[in-house]
Amino acid sequence: MTASDAREVWQRGPVPGVPALLQPVAHALLQATEDAEKYMEGFPSQLLWVTPGGVASAGFHLLHMSGVVDRLFTYARGESLSERQLKNLAAEKEVSGAPIQPGHLVDAFRAQVETAISQLKKTSESTLTETRFIGRKQIPTTVQGLLFHAAEHCQRHMGQLLVTARILQARIV
């Protein structure tokens, strides 16, 4: 790892191609990706759906972060959620019976962030204050609000994921 790689993403400079006003969104999403990769490496798959003290599982946080980015970026494009997205939303709350490796969920999150970064690169700063609507209730917000919330929501869940993962791993040491 080089000295520049050891710094947090926001300290490494602008993400190429992302408009200046959207750099914080890109930095937060990329940081969440790096943190997921770092802290989930070697995480035991048998602990993925454990809910210590009733808090959300590590698996939930990984699924939810991918889903939040997917859904909020969809709304930012002015689109409604697809049937697939609605099914994925419902599935985030259920423990999968199928065996899954934590790395697969991290890979899915990384891929979702890569898609989001591509969308950021195509987003004109002139559209950031345009009105968008969320869900069936058509709650009004803006493109900027949706993109920012996707990033900060991921950061919130990343913090929870890291604490949950550390607690669970400490139990087996």
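These legends describe close-up views of one predicted model. Residues are numbered from 1 along each chain as its sequence is written, and side-chain values use heavy atoms, with hydrogens and water left out. Because the model is predicted, local features need pLDDT of at least 70 and side-chain atom pairs count only at pLDDT 80 or more, while totals for chains, interfaces and linings use all residues.

**View 1. The nonpolar core.** The largest nonpolar core has 43 residues. Such a core is a set of buried Ala, Val, Leu, Ile, Met, Phe, Trp, Tyr and Cys residues joined through side-chain atoms within 4.5 Å; buried means under 20% relative accessible area with a 1.4 Å probe, protein chains only. Two or more residues each come from α2 (23-40), α3 (58-76), α5 and α6 (143-172), and α6 gives the most, with 11. Helices are DSSP runs of H or I of at least four residues and strands are runs of E of at least two, numbered from the N terminus. L29, M40, L62, F73, L120 and L147 have the most contacts inside the core. In soluble globular proteins, nonpolar side chains tend to be buried together.

**View 2. L29 and its contacts.** Leaving aside neighbours within four places in sequence, L29 is in contact (heavy atoms within 4.5 Å) with V69, F73, V113, A116, A150, A151 and C154.

**View 3. Q119 in helix α5.** Q119 lies in α5, residues 102-122. Q119 counts as buried because its relative accessibility is 13%. Beyond its neighbours within four places in sequence, Q119 is in contact with F73, A76 and R77.

**View 4. The largest pocket.** The volume of the largest pocket is about 460 Å³. On a 1 Å grid over the protein atoms alone, a pocket is an open set of points where a 1.4 Å probe fits, with protein on both sides within 12 Å along at least five of seven lines; lining residues have an atom within 4 Å of a point. Volume is the space filled by probe spheres set on the points, which are joined across faces, edges and corners. Of the 18 lining residues, Y75, L81, I134, G135 and R136 are the closest to the centre. α3 gives the most to the lining, with four residues.

**View 5. The second largest pocket.** About 230 Å³ of space lies in this pocket. Of its 11 lining residues, R12, Q31, E34, D35 and K38 are the closest to its centre. Five lining residues, the largest share, come from α2.

Definitions and conventions. Buried means under 20% relative accessible area, exposed over 50%, partly exposed in between (1.4 Å probe, protein chains only).
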